[in-house]
Amino acid sequence: QLTQGNHMSTNSLVNDWVEVQKAAFTHFVNSYLEKKNLKVNDLEEDFADGNTIIVFVESLIGKRFNRKYNIDPRMRVHKLENTLLALEFLVENGVNEGNLTIGPTDFIDKNLTFLLGFLWMLFRTFRIDTYTHRGDKSPEESLLSWCKEVTKDYEGVNISNSFRDSFDDGLTLLAIIDNYCKLFLDSEIFDYESRRNEFSALENTEFALNVAKEHLGIPIFVDAEDLSNKLVDDRNIVLYVSMFFHAFVSATENEKLLQKEMDSRLETLRDKKKKQVDILSLKSEEKVVERLETEKKLNILKEKNEKLKSEYMERAEQTKIDIETTEAENAKLIESIEEVKTKYESLNENLEQDKQFYISSFEKLEELMNIHLKNIHQWKENLKQEREYRSSHVVQRTEQDLAECTMEDQIDYISEALSEEDRILRELSKETGYSRKPKKSSKSVK
């Protein structure tokens with residue numbers, strides 16, 4: 001490597017290699033820490049706090065850290081204890097203890113070389129080996145086999161047993177990216193054949209790195225020119241290519257999770273629908289019972305209505321008869337009233353006639369009496385008698401008595417008085433020997 005890169009110094013190559021490793025493993029660590037809403041910016045500093053290492057291994061293994069540890073380690077001894085617990089937790093969950101070439105003090109003392117080696121071991125164990133290991137092949141060989149499988153339908157892709165030789169023309173990366181886009185993005189971002197025929201290896205490599213960053217979220221931690229010139233270390237290429245493999249695995253797992261979630265939702269919907277059907281069935285049965293009860297109530301109401309209707313008709317008929325009877329009685333009453341009224345008017349008329357008769361008779365009697373009194377005085381003068389006449393107070397008595405008597409009594413009284421006067425007059429005539437003719441005498445008096 002150093003021979004091919006005579007233009008670079010040894011220190012520069014080492015520094016570049018370290019920076020590439022740091023960038024790759026920072027991305028690797030954050031891909032797990034983001035599940036806990038955490039993030040590392042500096043591997044050396046963050047892994048030295050005695051707490052990040054616990055959160056990372058817990059997310060990496062996918063199990064809850066079941067040991068008691070110091071949540072807020074501030075003293076060195078507490079940080080060492082937490083780191084040791086994290087390493088023991090890894091061994092308990094399948095990590096070969098012989099592969100742990102790092103100790104708690106290396107984390108706390110910020111030994112970057114041992115830290116990168118530790119992360120590389122975890123990367124091969126949990127990222128590459130877990131998904132790609134087949135038979136007796138190493139993780140790297142399995143990763144190359146996966147690359148061949150993904151790009152087998154793409155012309156121009158030549159994958160050998162060396163990562164450096166397999167990724168120097170940009171076509172392998174373009175083929176992997178195009179396959180990913182068609183499978184998971186359901187789109188064609190670029191035309192592979194056009195890129196293969198019209199652009200150089202460096203141009204295709206630069207283009208592939210940028211597309212991977214934009215659409216797959218894979219950070220660029222290798223140089224396109226170095227990759228084209230086969231100057232990049234195999235470990236760095238393995239790290240970078242494994243990012244693509246992880247993108248495929250994550251997308252597949254996401255699809256499975258999505259499918260599982262969809263199946264779960266579908267099952268939930270089916271259960272919900274079944275429950276709804278059961279509820280509807282129950283409600284239907286309840287409605288049938290309710291309808292029967294309603295019909296029963298309606299029949300009872302109908303019977304009551306018929307009974308009320310019959311009673312109403314009977315009462316209406318009786319009321320009609322009563323009205324007709326009342327009208328007949330009223331007609332008779334009116335007729336009786338009219339008859340009484342007629343009789344009353346007739347009686348009033350008769351009374352008025354009688355009254356007029358009595359008044360007229362009384363007036364006539366009064367007139368006759370006055371005439372009679374005049375005749376008496378005339379008789380007295382003719383007889384020339386100086387004596388008191390017994391009947392001289394007839395008028396006076398009559399006026400006095402009549403004031404307190406009814407008309408009938410007055411008439412009777414006057415009649416009796418006149419009769420008495422006539423009797424006296426007749427006696428007087430006999431005594432005097434005077435004979436009179438009433439008619440002539442009346443005329444002479446008048």
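**Ground rules.** I am working with a predicted model, where local features need pLDDT of at least 70, side-chain atom pairs count only at pLDDT 80 or more, and totals for chains, interfaces and linings use all residues. Residues are numbered from 1 along each chain as its sequence is written.

**Confidence.** I looked up pLDDT (the predictor's confidence in each residue, from 0 to 100). The chain mean is 80, and 84% of its residues reach 70 or more. Over residues 1-10 the pLDDT is below 50, and I noted 11 contacts (heavy atoms within 4.5 Å) beyond near neighbours in sequence. Residues 391-398 also stay under 50, with 12 contacts beyond four places in sequence.

**Helix H3.** Helices here are DSSP runs (H or I, at least four residues), numbered from the N terminus. Glu-58 is among the buried residues, as are Phe-56 and Leu-60. Gly-62 follows H3 with a positive phi, near 85 degrees.

**Largest pocket.** A pocket is an open set of points on a 1 Å grid over the protein atoms alone where a 1.4 Å probe fits, with protein on both sides within 12 Å along at least five of seven lines; lining residues have an atom within 4 Å of a point. I found 20 lining residues, with Ser-31, Lys-35, His-246, Ser-250 and Glu-253 nearest the centre. Helices H1 (10-33), H6 (112-132) and H13 (234-383) each give two or more residues to this lining, and H13 gives the most, with 6.

Methods:
Heavy atoms only, no water. Buried < 20%, exposed > 50% of the residue type's maximum accessible area, 1.4 Å probe, protein only.
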